[in-house]
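The following note sets out numbered comments on the model. Please read each point alongside the coordinates.

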Amino acid sequence: MKPITLLQPQKIVFGSGCINTFVEDYLKLGHKRLFVLTAPPIVPLIEPALNELKEKGVSIEVFQNIVAEPTLNDFEAILKTAREFGADSVAGIGGGSVLDVAKLVAAFIESDQKAEDCFGTGFIKKKGVWLACLPTTAGTGSEVSPNAILLDERDKLKKGIVSPYLLADAAYVDPKLTMTVPAKVTADTGMDALTHCIEAYTNKFAHPAADIYALQGIRLIAANLLRAVKDGNDVEAREALALGSLYGGLVLGPVNTAAVHALSYPLGGEFHIPHGLSNAILLPSVMKFNRPANLKRYAEVAIACGAPQGKDDDETAQNGVDFICELSKAVGIPQKLTELNIPQEAVDRMAKAAMEVQRLLKNNPREVTEQDAKDIYNSLY
């Protein structure tokens, strides 16, 4: 069995109401200046927790203007604000973009490095200040991953920074924080989490130590995403999605994703399509492309989704692809790039940009050429 390195926060707390555990833990640490990154809809949900910290003498600066697809310039402005505040600790409470920026703020606030010099894997030199991540979507799994994504305006491409120093010190996954997420965001982020699990299970670097998370994540999300989209107050479905998303995050570090994510980056980079939606619209097409290269694994994905077992792996795998296609439609994911106002004349340059994301394409079970990328994009018109 090949070696694998599993990296995750020192402490992971899961369960409804565990934001209270975050408050208790924070007060024991002795930090006094907390920089909180969040989003406007989340503020009412976290005010009681923040007020309790303030009552105990903690100074708090809340930054809530993070855009959906944060850029390098956005990050630099936020980092400047955190430095001026004199933060000795950081908490990200929000969706994937919020958590990614929080991880980067914590890493760079006391560093002389620049974020643009750290794109890729392993370039951050040292650990930053104490960091907690509290996800409010069942989506990116960023709370437990060593990855962060920013849009590099210089070439209109989303790029990843990957480092063990981006891991949160503690992650608090409170499904209650996801209850008010709108149906559309629930669908987009749920499909994103499902993509993490499917890509980790089927890629070249899949490993038994990560497979257990990936398969269980697929089971949980496939069985509960439509329920949560139809009824946001379905506590059981929300908890299942939050746990499935957590599992998807745990496989990002040791195994990572593949062609779906690589092809989605140009959609976000040039057209500012949210990350989850970009992955969601591409997932069925990339699964169709990859299926022949890893039939056994795609058949196992199908079974985990609850799709019917066929007469052989080929048929079972196809049933899995069909299931994902139907789930995508059922939760309201657009089926054509024209629905996202992406013109077909953009295909060539998107394919060229996607080829730059070899960090992820090298994981894919089937080689993706620039022509393959064009064909996949064109299949969505």
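1. C18 is buried, with a relative accessible area of 5%; buried means under 20% relative accessible area, exposed over 50% and partly exposed in between, with a 1.4 Å probe and protein chains only. The model is a predicted one, in which local features need pLDDT of at least 70 and side-chain atom pairs count only at pLDDT 80 or more, while totals for chains, interfaces and linings use all residues. Residues are numbered from 1 along each chain as its sequence is written, and side-chain values use heavy atoms, with hydrogens and water left out.

2. On the cysteines, the count of disulfides is zero, a disulfide being a pair of cysteine sulfur atoms within 2.5 Å. C18 is in no disulfide, and the nearest cysteine sulfur, that of C133, lies 13 Å away. For C305, the closest cysteine sulfur belongs to C197 at 10.0 Å, which is too far for a bond. C305 is also buried, its relative accessible area being 7%.

3. Six strands make up an open sheet with parallel pairing, in the order β1-β9-β6-β4-β2-β3. Strands (E, at least two residues) and helices (H or I, at least four) are DSSP runs numbered from the N terminus, and two strands pair if DSSP finds at least two bridges between them. The edges are held by β1 (11-14) and β3, each with a single partner strand, so one side of each is left without a neighbour in the sheet. From one strand to the next the twist averages 15°; axes are lines fitted to C-alpha atoms, for helices over the stretch in contact, and angles run from 0 to 180 degrees between N-to-C directions.

4. Within this sheet, five bridges join β2 and strand β3 (residues 59-63) in the parallel sense. Between these strands the chain passes through helix α2 (residues 43-55), and this β-α-β crossover is right-handed; that is, with the strands pointing away from the viewer, the path from the first strand over the helix to the second runs clockwise. V36 has V62 in β3 as its bridge partner.

5. Strand β9 (residues 170-173) pairs with β6 in the parallel sense over two bridges, and C133 stands opposite A171 in β9. With β1, β9 forms four bridges, again parallel, and F14 stands opposite V173 in β9. Which residues cover the two faces of β9? A170 and Y172 on one side, and A171 and V173 on the other, are all buried. In a regular strand the side chains alternate between the two faces of the sheet.

6. α3 lies across β2 and β3 and runs at about 160° to β2. Helix α7 (residues 235-250) packs on the sheet, touching β1 and β9, and its direction makes about 160° with that of β1; contact means heavy atoms within 4.5 Å.

7. S245 lies in helix α7 and is buried, with a relative accessible area of 1%. Residues up to four places away in sequence aside, S245 touches A138, G139, T140, G141, A193 and I221.

8. A further open sheet consists of three strands in the order β5-β8-β7, with mixed pairing. Its edge strands are β5 (120-121) and β7, each of which pairs on one side only. β5 and β8 run parallel and are joined by two bridges; the partner of G120 in β8 is I161.

9. Helix α4 lies across β7 and β8, running at about 100° to β7. Of the 13 residues of α4, 12 are buried, so this helix is largely enclosed by the rest of the structure. Its buried residues pack against β2 (33-37), α3 (72-85), β4 (89-94), β6 (130-135), β7 (147-152) and β8 (157-162). D100 and K103 are among the buried residues of α4. At 1.5 Å a residue, the 13 residues of α4 (residues 96-108) should span 18 Å, and the end C-alpha atoms are 18 Å apart, which agrees; the expected span is 1.5 Å times one less than the number of residues.

10. N279 is found in helix α9 (residues 275-290) and is buried, with a relative accessible area of 0%. Neighbours within four places in sequence aside, N279 is in contact with D192, T195, V260, H261 and S264. A259 is 20 residues from N279 in sequence, and their C-alpha atoms are 9.7 Å apart.
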